[in-house]
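This briefing covers aromatic contacts, helix packing and some local backbone features. Please read it with the structure open.

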Amino acid sequence: MADPWQNAMDYAVAVARKAGAVIRHALQNDMMIMCKSSSVDLVTKTDQKVEELILSSIKEKFPTHSFIGEESVSAGQPCVLTESPTWIIDPVDGTTNFVHGFPFVAVCIGFAVSKELVFGVVYSCMEDKMYTGRTGKGAFCNGEPLHVSKQTDIRQCLVISEFGSNREPQVVSKIFSTMKKILCIPVHGVRSIGSAAINMCLVASGSAEAYYEMGIHCWDIAAASVIVKEAGGVLMDAEGGPLDLMSRQVVAANNRTIAERIAKEIEAFPAKRDDAPQGDTPRN
Ligand code: LIP
């Protein structure tokens, strides 16, 4: 059967490559850094420029589709996933890395139809790695198939997580307490790369067994979710239920045993859903 969205996915790959070139160029030049919810929640002119490039390119070809983009939502656009074909975009995943020249920065383009993710494109532009996943058709990095690790023993696992940008002491305590519990299982190690999407692609590649994060956003994880799933991995929320893109939490792992073991240790903290009305307080 013909694949109705292959054309859209090929286009997303081309747009992500173009966006990656803009990011690489910006790294060599001056970047204007700004703050969103706090002094550690960064955004740059490049984030905005790259989102604009991606949105205008896709809108030109698919004018009737819907869009959720990190910078558009930060500027007050709604963040709601409807039945309509919807592109979910993070122009620069790993903005703090980008600002510091820490070489893990990704362009993320996810695509959902009837609220189901259809494909995901994650371009790790400093490494020139193009990760793709198409529901039912596998996951790839630069054209090579991806497979998750076969490990089932949590004590033999490498786990990735992040510290996020919320510096409220109670939140930071929960992050450290969860990490401590996971380290002391003990697992082989815990890593922090600074890009949710690249973290998830590392799970899809079999380089790490699990990634979890609380406080994450839908645009950070939508595209990479397809890649993890298509590489044979699983996704869930911190209670072991199905992943809800808007819920601000994710556990991605090579299999259910490892995902559930990680989820068991997570001390969740409240975070406003992505699809909740925004109000006056900026998102973190
Ligand atoms: C970032 C993530 C990172 C996470 C941060 C933030 P951004 O995305 O990829 O892993 O810890 O909270 O969401 O803001 O660079 O697109």
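A charge counts as sitting over a ring if NZ of Lys or CZ of Arg is within 6 Å of the ring centre and within 35 degrees of the ring normal. Lys59 is placed in this way over the face of Phe67, 5.3 Å from the ring centre. The model is predicted. Its aromatic pairs number eight in a search of the whole structure.

**Aromatic pairs and cluster**

- A pair of aromatic rings is described by two values, the distance of the centres and the angle of the planes.
- Tyr11 and Phe62 have ring centres 6.2 Å apart and planes at 70°; planes over 60 degrees apart count as edge-to-face, so this pair is edge-to-face.
- Tyr11 belongs to helix H1 (residues 6-27), whereas Phe62 sits in the loop between helix H2 (45-61) and strand E3 (66-69). The pair thus links distant parts of the chain, 51 residues apart.
- Phe62 has a relative accessibility of 12%; because buried means under 20%, Phe62 counts as buried.
- The rings of Phe163 and Phe176 are 5.5 Å apart centre to centre, with 35° between the planes, and this aromatic pair is tilted.
- Phe163 lies in the loop between strand E10 (158-161) and helix H5 (169-183), and Phe176 lies in helix H5, so their pairing ties together parts 13 residues apart in sequence.
- Both partners are partly exposed: Phe163 has a relative accessible area of 35%, and Phe176 has a relative accessibility of 46%.
- One aromatic cluster is formed by Trp5, Tyr11, Phe62, Trp87, Phe111 and Phe119. Tyr11 and Phe62, the edge-to-face pair, are therefore both members of this cluster.

**Charge over a ring**

- Arg17 lies over the face of Tyr123, with a distance of 5.7 Å from the ring centre.
- For Lys59 over Phe67 the corresponding distance from the ring centre is 5.3 Å.

**Helix packing**

- Two packed helices are described by the angle between their axes and the distance between the axes.
- H1 and H2 have axes that come within 10 Å and cross at roughly 155°. Since angles over 145 degrees count as roughly antiparallel, H1 is roughly antiparallel to H2.
- The crossing of H1 and H2 is right-handed.
- On the H1 side the contact involves Asn7, Tyr11, Val15, Lys18, Ala19, Val22, Ile23 and Ala26. These residues meet Thr46, Lys49, Val50, Leu53, Ile54, Ser57, Ile58 and Lys61 in H2.
- Helix H6 (residues 196-204) packs against helix H7 (residues 218-230) at an angle of about 5°, and the axes are 8 Å apart. Because angles under 35 degrees count as roughly parallel, H6 is roughly parallel to H7.
- H6 contributes Ala196, Ala197, Met200, Cys201 and Ala204 to this contact, and H7 contributes Asp220, Ile221, Ala224, Ser225, Ile227 and Val228.

**Phe269**

- Phe269 is located in the segment after helix H8 (256-265) and counts as buried at 12% relative accessibility.
- Leaving aside residues up to four places away in sequence, Phe269 touches Val171, Lys174, Ile175, Met214 and Gly215.
- Phe269 and Val172 are 97 residues apart along the chain, and their C-alpha atoms are separated by 9.7 Å.

**Ser37**

- At 25% relative accessibility, Ser37 counts as partly exposed.
- A separation of 20 Å lies between the C-alpha atoms of Ser37 and Val50, which are 13 residues apart along the chain.

**Backbone features in loops**

- The peptide bond from Ile185 to Pro186 is cis, and its omega is near 0°. Pro186 is in the loop between H5 and strand E11 (189-191).
- Ser114 is not a glycine, yet has a positive phi of about 50°. Ser114 lies in the loop between strand E5 (106-113) and strand E6 (116-124), and is partly exposed at 38% relative accessibility.
- Arg248, also not a glycine, has a positive phi of about 70°. Arg248 is in the loop between strand E13 (234-236) and strand E14 (249-253), and counts as buried at 5% relative accessibility.

Terms used:
Residues numbered from 1 in each chain as written. Predicted model: local features only at pLDDT ≥ 70, side-chain atom pairs only at ≥ 80, totals over all residues. Heavy atoms only, no water. Phe/Tyr/Trp six-rings, centres within 6.5 Å; stacked < 30°, edge-to-face > 60°. Helix = DSSP H or I, 4+ residues; strand = E, 2+ residues; numbered from the N terminus. Buried < 20%, exposed > 50% of the residue type's maximum accessible area, 1.4 Å probe, protein only. Contact = heavy atoms within 4.5 Å. Axes fitted to C-alpha atoms, helices over the stretch in contact; angles between N-to-C directions. Parallel < 35°, antiparallel > 145°, perpendicular 65-115°, else oblique. Left-handed = near helix turned anticlockwise from the far one by under 90°.
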